[in-house]
Amino acid sequence: MGIREFPGGASRGKSIAIGMRRSPDVSPRRLSDISPQLRQLKYLVVDEAIKEDLKWSRSVEDLTSGPVGLTSIEERILRITGYYGYQPWAASYKREERPRDSPGPAEAQAPAAGAEAGGRGSRRCWRCSRAQLKKIFWGVAVVLCVCSSWAGSTQLAKLTFRKFDAPFTLTWFATNWNFLFFPLYYAGHVCKSAEKQSVKQRYRECCRFFGDNGLTLKVFFTKAAPFGVLWTLTNYLYLHAIKKINTTDVSVLFCCNKAFVFLLSWIVLRDRFMGVRIVAAILAIAGIVMMTYADGFHSHSVIGIALVVGSASMSALYKVLFKLLLGSAKFGEAALFLSILGVFNILFITCIPVILYFTKVEYWSSFDDIPWGNLCGFSVLLLTFNIVLNFGIAVTYPTLMSLGIVLSVPVNAVVDHYTSKIVFNGVRVIAIIIIGLGFLLLLLPEEWDVWLIKLLTRLKVRKKEETAEGSADPGSGPQSKSRRARPSFAR
């Protein structure tokens, strides 16, 4: 049965086709139900566009190819007209007998596609886990580097003061090495970057950190000089405290700078208030008091503790002011800024060690008596510590880098136990634990409570699932229940 076109009957045919459509809820049962409309089918005209669409429709294909199951003239007419919302493929699909032995093409390809998707997913998970393992590996390396360099510089400074009692001169000498930051960064840029720039181009690009005009004389004195003074005070107070008290107390008390950073950020920068960090700050203050009490409030120890607390305060002020005035810096900008601090130290701080030498506040008899090996070793370790602390974020997490400072405390404690007369009484041990706990609390992220709630929820859901699986095991089925329900009279 074909479709014939009648000239001049296009509009009438369209109206008939539209009129033949009714509610899809009604279904024809006999051919006589639509006999008035069938008599008007001779005026039906199918446009070329509709013919093209019908050419690829399943109903026309079934009519032309004559599939098995199309034996009714009513069904063929209903296929052509689409009468009452009829869906021919559903009816023919029901009549066809599909072989149940072999799945269709889509079913056959589904497992292969699923396996392929699973393979891709497993490879993606493997890549993610591999990247995470690589980052954790670098994190462990960074932690060890931070811990060893910080503890080594502290112990080497203590050893240097036995022959060279000049903490400010040692601070000045070590700060001069900051000039190497930008050259080392540029060497890494040349080795790693695909688009290599000259030193002048890289310098100009990093100078944009200070503003549109770059590094001018005004910017140098207003934005670089104050940080140079804070840097010098932080290191000098730390080194001067090493002369007064043991390195274990110095290293653990310096960890309080994290609490001071939070307090200053909360007051100055209006950072988010977090109760756990307030608790950490209270623990840090309590640890400082207990550390002072551990030595019996002697003047020697009180001065040393005050110097360390002052050093931690200067360090916190440096970090907060940097974020307030300069914001965040990229690696090249941070390297240039630290090199500028070294230049400031050479130009404007050099006069102070000279004055201290001639006033015999920090005096040495001859330059041959200066332990140059200890001075250079301390400077290299301090430079390494600052490089890893500033640029280690490129390869690992910032939290892991902060853990290196805490781990330097037990390292210094072990060294002091064998090299000095330190007494680890109960008060000192409790103070060390309290300050360390406060430092670790400060490392918690801001959304730690949300993560904790999610973790507890997952554990609760997993426990419920395990309980449900345990209640649905074969031993607790209906048969076993009936057996348990039967009373056993046999003894």
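User: Which residues lie nearest the centre of the largest cavity?
Analyst: Of the 16 residues lining the largest cavity, Ala 174, Asn 235, Phe 378, Leu 382 and Asn 386 lie nearest its centre; a cavity here is a set of points on a 1 Å grid over the protein atoms alone where a 1.4 Å probe fits but cannot get out, and lining residues have an atom within 4 Å of a point. This is a predicted model, in which local features need pLDDT of at least 70 and side-chain atom pairs count only at pLDDT 80 or more, while totals for chains, interfaces and linings use all residues. Residues are numbered from 1 along each chain as its sequence is written, and side-chain values use heavy atoms, with hydrogens and water left out.

User: Which element gives the most to that lining?
Analyst: That is α18, with 5 residues, where helices are DSSP runs of H or I with at least four residues, numbered from the N terminus.

User: And how much space lies in the largest cavity?
Analyst: About 110 Å³, a volume being the space filled by probe spheres set on the points, which are joined across faces, edges and corners.

User: Switching to pockets, what volume does the largest one have?
Analyst: The largest pocket has about 1800 Å³; a pocket is an open set with protein on both sides within 12 Å along at least five of seven lines. Lys 258, Val 261, Lys 319, Leu 389 and Asn 390 are the closest to its centre among 49 lining residues.

Definitions and conventions: Helices (H or I, at least four residues) and strands (E, at least two) are DSSP runs, numbered from the N terminus.
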